[in-house]
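User: I'd like to learn how to read a structure like this one. Can you walk me through it feature by feature?

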Amino acid sequence: MLGATGSIGTQALDIIARYPDRYRAVVLSAGSRVDELIEAARKHRPRLAIIAREDLLPKLRAALEPLGIATAAGPRALAECVEADDVDTVLTATVGYSGLEPTLHAIAAGKDIALANKETLVVAGDLITRLLRHSETKIYPVDSEHSAIAQCLIGEDPARVERLLITASGGPFRTWETWRIADATAADALRHPNWSMGAKITIDSATMLNKAFEIIEAHHLFGVAPERIEAVVHPQSIVHSMVEFVDGAVKAQLGVPDMHLPIAYALGEHTRLDGVSRRLHLADYATLTFEKPDTQKFPCLGFAHICLDRRGTAACAVNAANEIAVAHFLRGELSFPGIYETIARTLDDTTFIDSPIYDDYVAVNDEARRRAEEFCKTIRK
Ligand code: NAD
Ligand code: MG
């Protein structure tokens, strides 16, 4: 489990604890929240616990080695732990670009992947799709929209799919005027109406870049052409996404907004477990509404089709710029519209590589981060 202390990681640990006959966590890892990692390891007794920040290893070791739990630190340990014989499935629940390297190791080792870290497919979806053709690995999406689409596609002929309709809550600023959004603070943007998630994805939901990323993710997961994938705003987050078929039929998956369900469905390799989620009582919801997304108000949505048209390293640069811009915004050093400006400017200025190999993604990610940092400093509020 990569990212065991986060929003997805802790919910996945709930599932593992609730279904002990099916699951055991053999490796738990975290970025820097060492106390939470120690707590999780005490409870779930993995074979190995890994912390990304190497300076925190002594603390981890002192707490866990007396319990017979091995410890390690650093990006290499994180990438290589996925290859162990006792690992069947790798849950990628870290944030951002950091998910890429361990995912590539998991594919090389033929491990199944429960994929929460959508940024991996955004950054290097073409590379991953190519590698999957020569690997035993299967990817099971954790993202609620992609889990919904996977559920709708079961028993269907992929060639008969007309469109994927990805629902979006619209985020906290759906009903705000543009002038008011311009002054939005981190606290405003962190107030998501329906989902409680990590800070980075919550900001991505407020800019709607998260939905752009999900369109890219859906393209790579399901092989549907970009022009056949659309976002539709559905503020109640009950319909998790839909698939339209050539005959005009539309299938949807519904449920209360609760990530336990898509996590369990992915870990179970698309089997259904008893009583994972609270029940949906449709009569409790007076109305379910749908509307077109406002791309004027949320220009980040446009990056989906820009990236899927340009391909190459375009989405890698967008992701890197966004990670930097979101960090500045969360520290109160960048305005909310500054996130879009930073991404647009970085995308224009960063080297573009048409048919990238792995090293090109690494180089473009580094360059885009550097350029985005410089740009954020010049437009500091
Ligand atoms: P989070 O911030 O709550 O948790 C992130 C986890 O990753 C933590 O355990 C942290 O310690 C770890 N981490 C951070 N940097 C790391 C690094 N460099 N190396 C190793 N571990 C590192 O984030 P989250 O909301 O759980 O999101 C995780 C991923 O799942 C993201 O890609 C997000 O887009 C995706 N996702 C989340 C949700 C949700 O409901 N939270 C829904 C759909 C998709
Ligand atoms: Mg989602």
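User: Let's start with the ligand. Which polar side-chain atom lies 2.6 Å from an oxygen atom of ligand 1?

Analyst: That one belongs to Thr 5. Keep in mind that this is a predicted model. To read a polar contact, look for a pair of N or O atoms within 3.5 Å. Backbone atoms take part here too: a backbone N or O atom of Gly 31 lies 2.7 Å from an oxygen atom of ligand 1, and a polar backbone atom of Gly 198 is 2.8 Å from an oxygen atom of the ligand.

User: How much of ligand 1 does the protein bury?

Analyst: Taken alone, ligand 1 exposes 830 Å², and the protein buries 87% of that. There are 24 residues around the ligand, and those that come nearest are Thr 5, Ser 7, Gly 31, Glu 119 and Gly 198. Among the elements, α1 (7-18) and α6 (118-132) each supply at least two residues of this shell.

User: Now the inside. What should I expect of nonpolar side chains?

Analyst: In soluble globular proteins they tend to be buried together. Here the largest nonpolar core has 83 residues, and Leu 164, Phe 173 and Phe 336 have the most contacts inside it. Helix α14 (residues 314-330) gives the most to this core, with 11 residues. At least three residues come from each of domain 1 (7-137) and domain 2 (145-378). A second, separate core holds 40 residues, including Ala 4, Leu 91, Trp 195 and Val 276.

User: Which residues does Phe 336 touch, leaving out those up to four places away in sequence?

Analyst: Among them are Phe 173, Ile 181, Ala 206, Thr 207 and Phe 329.

User: And the domains: how many residues does each one put into the contact?

Analyst: Domain 1 gives 32 residues and domain 2 gives 37 residues. Their centres, taken over C-alpha atoms, are separated by 23 Å.

User: Is Ser 237 buried or exposed?

Analyst: Check the relative accessible area: buried means under 20%. Ser 237 has 6%, so Ser 237 is buried. Arg 45 has 44%, which makes Arg 45 partly exposed.

Methods. Residues are numbered from 1 along each chain as its sequence is written. Chains are lettered from A and ligands numbered from 1 in the order in which they are written. This is a predicted model: local features need pLDDT of at least 70, side-chain atom pairs count only at pLDDT 80 or more; totals for chains, interfaces and linings use all residues. Side-chain values use heavy atoms; hydrogens and water are left out. A nonpolar core is a set of buried Ala, Val, Leu, Ile, Met, Phe, Trp, Tyr and Cys residues joined through side-chain atoms within 4.5 Å. Buried means under 20% relative accessible area, exposed over 50%, partly exposed in between (1.4 Å probe, protein chains only). Helices (H or I, at least four residues) and strands (E, at least two) are DSSP runs, numbered from the N terminus. Domain bounds come from an automatic or database domain assignment. Contact means heavy atoms within 4.5 Å. A residue is near a molecule or strand if one of its heavy atoms lies within 4 Å of it. A polar contact is a pair of N or O atoms within 3.5 Å; within protein, one must be able to donate a hydrogen and the other to accept it, and residues adjacent in sequence count only if both atoms are side-chain atoms. Accessible areas come from the Shrake-Rupley method with a 1.4 Å probe; for residues, only the protein chains shown count as cover.
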